[in-house]
Structures are given as C-alpha cells and as structure tokens.
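Here's a quick tour of some strand pairing and charged contacts. Have the sequence and the 3D view open as you read.

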Amino acid sequence: MGNAFRCMSRKDHRGAAVSRSKRMGSARSGRGGGGGAGKLTPAEEELLHRQALAMAIHQHLDAGGSMSRRIDAGGSMSRRIGPGSTSSRRRGDLPDSVTNAKPAPIVLENLETKKIVLVHGEGFGAWCWYKTISLLEEAGLDPIALDLTGSGIDNADTNSIATLADYSRPLIDYLNKLPENEKVILVGHSCGGASVSYALEQCPQKISKAVFLTATMVKDGQRPFDVFSEELASADVFLQESQFLLYGNGKDKPPTGLMFDKQQIKGLYFNQSPSKDTVLASVSMRPIPLAPIMEKLSLTPENYGTVRRYFIQTLDDHMLSPDVQEKLVRENPPDGIFKIKGGDHCPFFSKPQSLNKILLEIAQIQAPTALLPGKAKTEATEVIEATEAKTEEEKTEKSS
C-alpha cells in the first residue's frame, strides 16, 4: 500500500521521535506560532529536533538511497527563486491564524470522524508532518501520514512514475481498504492537493472533508503545474529552459522529474521555518516526479463536487504567493477559507500551532442536513468577506 508514518500512543512507543513523552509533547515551542504555556527549554528543543532528524536519516538509509541528487541552477524559471526575495504582500496587522469564528471547545463525540490523513507535497514525505501528528494526537484525534509513490521511504524510483494515478496509489489503496462506513478528513499540502482532488473523484464516499493547505486546488481540466505557470513560466517554456529538470531515462527522452538546490529550497519553501526543520528537509526531500504535476485532472460534480472543501492560505508564502492562493479560491470556491499570518509554504514547520488550531476547527464543522445547489460557492464568498472585514478592523484598531 505504500509506507505510512503514523503517530502511535505514547504508552506503546515512548521512545519514538513522533510519539514524544507527555513532558515533551505538551510543551510548545515559541517558534512554532500560537504560543502557550510550557515552552520548550533549549535542551528539550534540541533533543526533539535531533530525534526527528535521526529518524529521517534512518528511514532514508533503510530505503537504500543516497542523498537526493542536486543539479546546478541558474535558469530563468522563477523571479522568486532567491532566498531573500518575495512577492507576497505585507500583512503585519493580522493575528497568526485568521479564521471566520472563535473556535469552540473540542467535543470528540460530536466529530464526524477522528481520522485525519495527511498528504505531503512535492519532494516531501510523511516525515514532514511530525509536529502536526503529535499535536493532533494530543487533541484526541487519529492522524496518519502516507508516503506517496517514490516519496519518503517508499522504494519506487521517481523516474518510473508516469501518471497521477501511479503517484497517488498509496492514498487510494488506503481509502479503499477502510471499513465500509468509515470516513476520513484529507489534508493535502502544495502539489499534494492534486492527489487529494484525485481521491475526491475516485473515492468520495470515503472522505468527510478535504483540506487544501496552500495547495494546488485545481479545476476540472487543469494541471497542477498551471497553478504556478503565471509566476514560473508556461509548461512549454519550463520544459525547454529549466535548469532544474532531471532526465532519469536519458537526455534523449522527456524529463522525468525536477529538483531545486539547497538554497532555492530554503528560499521557496522555508523562509519562515526553524533552521533545524530546514536541515531535516534537506536530508529527507527527494526529486519531484514531473508527470503527475503535468497531468490534467478530470473532476466531476457527481464525485469531486460532493465533498466539502476547505482552503488554508499562508500569507508569507514564496512558493505559492498569496495572490495565486486567492485566485485559486475565487476560481474554484471552497466551503471555507482560513489564513495563517507569518506562515511560509510549510506551516507544519513554521506555524504548527496555528495550523493545528485550524485543523481542529475544521474537524468540528458539522455536515449540513441538506447541501443545496450553489451553497458551497455562497459559503466560500461569505468567509472571504468576513475574513477581509476582520482584517480591516484590526488594522484600524492598531493604527488608532
């Protein structure tokens, strides 16, 4: 089925890096965003990151792989490629997480499902969710993170992935093996949004809600790459000029993947993330399979359209700018929109507390008794207006 990186009980696995002791698990790092009592001491933070880093290296070596191949860069792919550049607008007056309503206390017996399936983005693996898994488990939920094909410690060769179906197979297999009446909440990050959309079309009856975390929430007939094309280049130009392409089947064959170098990864993905998480990613990320992000999705109202969708925007994102994220929700309106201030493209590293707060809020949203035609679009519009109105109020209060 593919590899799953699952958060198990502290009672059973007290020594595991992702199932930390009560003392470490209940503490909160001030760098994570959201604050709270019981801040980690420097020694505890160092131990936590060493455990996570050791786990990632151990998994990488178990998979029989060498360090991910890097290629020299210098092409004209992106105006935002440098670690110090940005196209995002400043939103310094927003709280860390902006939601449409005050979160209610968690009432586990009222949840539609406690199971949350975390789907990583391009180049990542299940390992990237280690903070989110711990926080969700502490809240009483049942999180699981999957390695998509050729990702994390999955042994498949990235160059052999020819379709989105191939890439998403571990997720589809997992959903198909669920008990008949069991549903899950899917959370997809970045290009993992394409795998979530594909799953909505293939297995809508298994999914309670879908959450797109600064993700490629594409429309019918659209490619995940199209989301980035305005700020990167058209697909034709990208395939002709990019210096990041990998040719796993030979230079005389079409490219099979792409990989940014260390500095570009830091500038695009981790401009607000702790340095230790950036190091973890640098030894764990793998080449990105090209075929899945170049494939047009076929999405129907009868399948994809029946599942409630929510979008989480990150407001200091260098990879998928706030303007592009706003365009995504305008063109394909979800049922709800949430925003994280100060979150880069990887809020599971840069703002784990804020992300956890939003995921808990989404988990507690109850299904409507009847979903009328056009209801999803109306609700999404209301959330956008309410969020923006709140922003202006906060700016006015601070200036006065």
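What follows is a short walk through a few strands and the salt bridges in this predicted model.

Let's start with strand β4, which spans residues 142–146 and is mostly covered, with 4 of its 5 residues buried. Its pairing with β3 (residues 115–119) is parallel and runs over 5 bridges.

Next up is R308, which sits in strand β10 (residues 308–314). Is R308 buried or exposed? With a relative accessible area of 9%, R308 is buried, because anything under 20% counts that way.

The R308 side chain has a couple of polar links worth a look. Leaving out residues up to four places away in sequence, R308 touches a set of residues including S208, K209, A210, D335 and P368.

## A salt-bridge network

E112 turns up again here: E112, K209 and R308 are linked in a network of salt bridges. Between E112 and K209, the closest N and O atoms are 3.2 Å apart. E112 lies in the loop between β2 (97–98) and β3, while K209 is in strand β6 (residues 207–213), so this pair ties together parts that are 97 residues apart in sequence.

K209 is buried, at 0% relative accessibility, whereas E112 is partly exposed at 34%.

## Two more pairs

How many salt bridges does a search of the whole structure find? The search turns up 9, among them D166 with R169, where the closest N and O atoms are 3.1 Å apart. D166 and R169 are 3 residues apart in helix α4 (residues 164–176), so about one helical turn separates them. D166 is partly exposed at 22% relative accessibility, and R169 is partly exposed too, with a relative accessible area of 41%.

R223 and D226 make another salt bridge, with their closest N and O atoms 3.1 Å apart. R223 is partly exposed, with a relative accessible area of 22%, and D226 is partly exposed at 23%.

Notes: Residues numbered from 1 in each chain as written. Predicted model: local features only at pLDDT ≥ 70, side-chain atom pairs only at ≥ 80, totals over all residues. Heavy atoms only, no water. Buried < 20%, exposed > 50% of the residue type's maximum accessible area, 1.4 Å probe, protein only. Helix = DSSP H or I, 4+ residues; strand = E, 2+ residues; numbered from the N terminus. Pairing = 2+ DSSP bridges. Contact = heavy atoms within 4.5 Å. Salt bridge = Lys/Arg side-chain N within 4 Å of Asp/Glu carboxyl O.
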